[in-house]
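Okay, everyone, let's get started.

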Amino acid sequence: MIQHPAPEPTGSDWISWGRRLVRYLAQTRSTLVQQTGGESAAEDGTIMWDRVNKYPVVSKNDEWRQIVLSDGQYEGTITTDQTAALVNTPYALIYTSATVDGISNGTPPSRLVFEEGGKFLVNFSAQISSTLSSTVNFYFWPRINGADVPGSTIVAALHRNNATTVVSRSVAVVVNAGDYLEAFWAVDNVGGYLQATPATAFSPAAPATTIGITRLHG
């Protein structure tokens, strides 16, 4: 892109030069004003760039609110069967992801660590299966920083041998920068497991479980 020089004043027509200069600045400079602190948010709809946190903000209801950029996504899968060694015992799921944008596997890798705080939508699914003719109960729930999220458990049951179905749920969570989320599961009989289905001649493979995390707002 060729950068043209700013128009210089000629003669005494300062008004025309001022208009040309405004057009030039609009074409070659960002219209976002740098926010350095102390700017008023009294008027709704003013957009600025927060220099400290490095994201755009907009004034609303007398406060500055972050405009969420595309960062803050995670799409994880587990493509192998998951089994439980003991009944009624929580096991953390370890996902791998090709999409890591502001959320990444930590240490241990079951921890999904958030680079920025905000409100996030978590979409979870699991393909459950059983090797028993009797009822098997499955339990799934998230933990944040090692603490169970209240009211978040999925409970599902299978009642016959070789039965398979998919369970899913979405939940919104609020986290701070540096917080981590883990997905846990348990069964009341070790004959229940999470099944990964291989591809067939007419359909692609199915993962044992998936998780998708999307940032809603800061």
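Take T77 first. Its bridge partner in β17 is T210. Keep in mind that this is a predicted model.

Now the strands behind that pair. β5 covers residues 73-78. β17 covers residues 209-217. How many bridges join β5 and β17? Six, and the two strands pair in the antiparallel sense.

β17 has another partner. Strand β10, residues 118-130, pairs with β17 over eight bridges. Again the sense is antiparallel. Look for L121. Which residue of β17 does L121 stand opposite? T214.

A general point about strands. In a regular strand, side chains alternate between the two faces of the sheet.

On to the loops. Find N61. N61 sits in the loop between β3 (55-60) and β4 (63-66). N61 is not a glycine, yet its phi is positive, about 50°. Is N61 buried or exposed? Exposed, because its relative accessibility is 53%, and the cut-off for exposed is over 50%.

Next, N88. N88 lies in the loop between β5 and β6 (91-92). Here too phi is positive, about 50°, and the residue is not a glycine. N88 has 55% relative accessibility, so N88 counts as exposed.

Last stop: P108. Where is P108? In the loop between β8 (103-105) and β9 (112-114). Check the peptide bond from T107 to P108. That bond is cis, with omega near 0°.

That's my tour. Over to you for questions.

Terms used: Residues numbered from 1 in each chain as written. Predicted model: local features only at pLDDT ≥ 70, side-chain atom pairs only at ≥ 80, totals over all residues. Heavy atoms only, no water. Helix = DSSP H or I, 4+ residues; strand = E, 2+ residues; numbered from the N terminus. Buried < 20%, exposed > 50% of the residue type's maximum accessible area, 1.4 Å probe, protein only. Pairing = 2+ DSSP bridges.
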